[in-house]
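Here are a few friendly notes to read alongside the model. They go through helix packing and then the nonpolar cores.

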Amino acid sequence: MSEISSDQHQPPGDAVDIRAPSSATRSGLRTAWWWLLAIIGLAGVLSYRTVATGIRRQVAKYHADVATQALLQGDSPAALHAVNDALAWLPDDGALLYLRGQIHAQVHDWNASLADFNRVTQSLAPEFAPAYQERAAIHAERGDWREAERAFLAAALAARDPAVAAEAYYDAGVAALEA
């Protein structure tokens, strides 16, 4: 009998070679698996962040609704507590800060109110004219007419509605006369 070498045992024609893959093939498969796992992990993280952001917004909206209802009922401490709960979920939300500023103004906590309105106008929503108007009203309430005039002029420049801009210009004129 003649000995058959392994080189002579090649599969015929279209037959599939079922021998173990070479180390180069195994390393390529390993790399492909790592990429697949990385892509799946990234997709999971992005999905989680999207869902988590949606949940944070819904919880903050609930607390903001509670704050608004409490404010309408004249319960300023409950409104302040609820809006602070909402801000715990969305700390950089301009609308929530504006609402908290209004609550602070209602209880005559001018410094806290100005701090919230300043944060809204200076960083979060510089084009939001009502925050400038609220700032101006607080300055006018305190008798600081120059600051009130500046804030009313800023409100007029930020206003998208011509009627709001005209009102803010008028109020700036009144503040200038008072100064």
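In which sense, left-handed or right-handed, does α2 cross α3?

1. The crossing of α2 past α3 is left-handed. Please keep in mind that this is a predicted model.

2. On the geometry of this pair: α2 covers residues 76-89 and α3 covers residues 94-106, and the two pack at about 160° with 10 Å between their axes. Angles over 145 degrees count as roughly antiparallel, and α2 and α3 are therefore roughly antiparallel to each other.

3. Sorted by class, the contact between α2 and α3 holds 9 nonpolar, 4 polar and 1 charged residues.

4. The largest nonpolar core comprises 24 residues, and Val-83, Leu-96, Leu-99, Ile-103, Val-120 and Ile-138 have the most contacts inside it. At least two residues of this core come from each of α1 (23-72), α2, α3, α4 (110-124) and α5 (129-141). The biggest contribution is that of α3, with 6 residues.

5. Apart from neighbours within four places in sequence, Leu-99 contacts Ala-64, Ala-67, Thr-68, Leu-71 and Val-83.

6. Do look beyond that core as well: there is a second, separate one of 8 residues, with Ala-129, Ala-159, Ala-165 and Ala-168 among them.

Notes: Residues are numbered from 1 along each chain as its sequence is written. This is a predicted model: local features need pLDDT of at least 70, side-chain atom pairs count only at pLDDT 80 or more; totals for chains, interfaces and linings use all residues. Side-chain values use heavy atoms; hydrogens and water are left out. Axes are lines fitted to C-alpha atoms, for helices over the stretch in contact, and angles run from 0 to 180 degrees between N-to-C directions. Helices (H or I, at least four residues) and strands (E, at least two) are DSSP runs, numbered from the N terminus. Angles under 35 degrees count as roughly parallel, over 145 as roughly antiparallel, 65 to 115 as roughly perpendicular and the rest as oblique. A crossing is left-handed if the near helix is turned anticlockwise from the far one by less than a right angle, and right-handed if clockwise. Ala, Val, Leu, Ile, Met, Phe, Trp, Tyr, Cys and Pro count as nonpolar, Asp, Glu, Lys and Arg as charged, and the others, Gly among them, as polar. A nonpolar core is a set of buried Ala, Val, Leu, Ile, Met, Phe, Trp, Tyr and Cys residues joined through side-chain atoms within 4.5 Å. Buried means under 20% relative accessible area, exposed over 50%, partly exposed in between (1.4 Å probe, protein chains only). Contact means heavy atoms within 4.5 Å.
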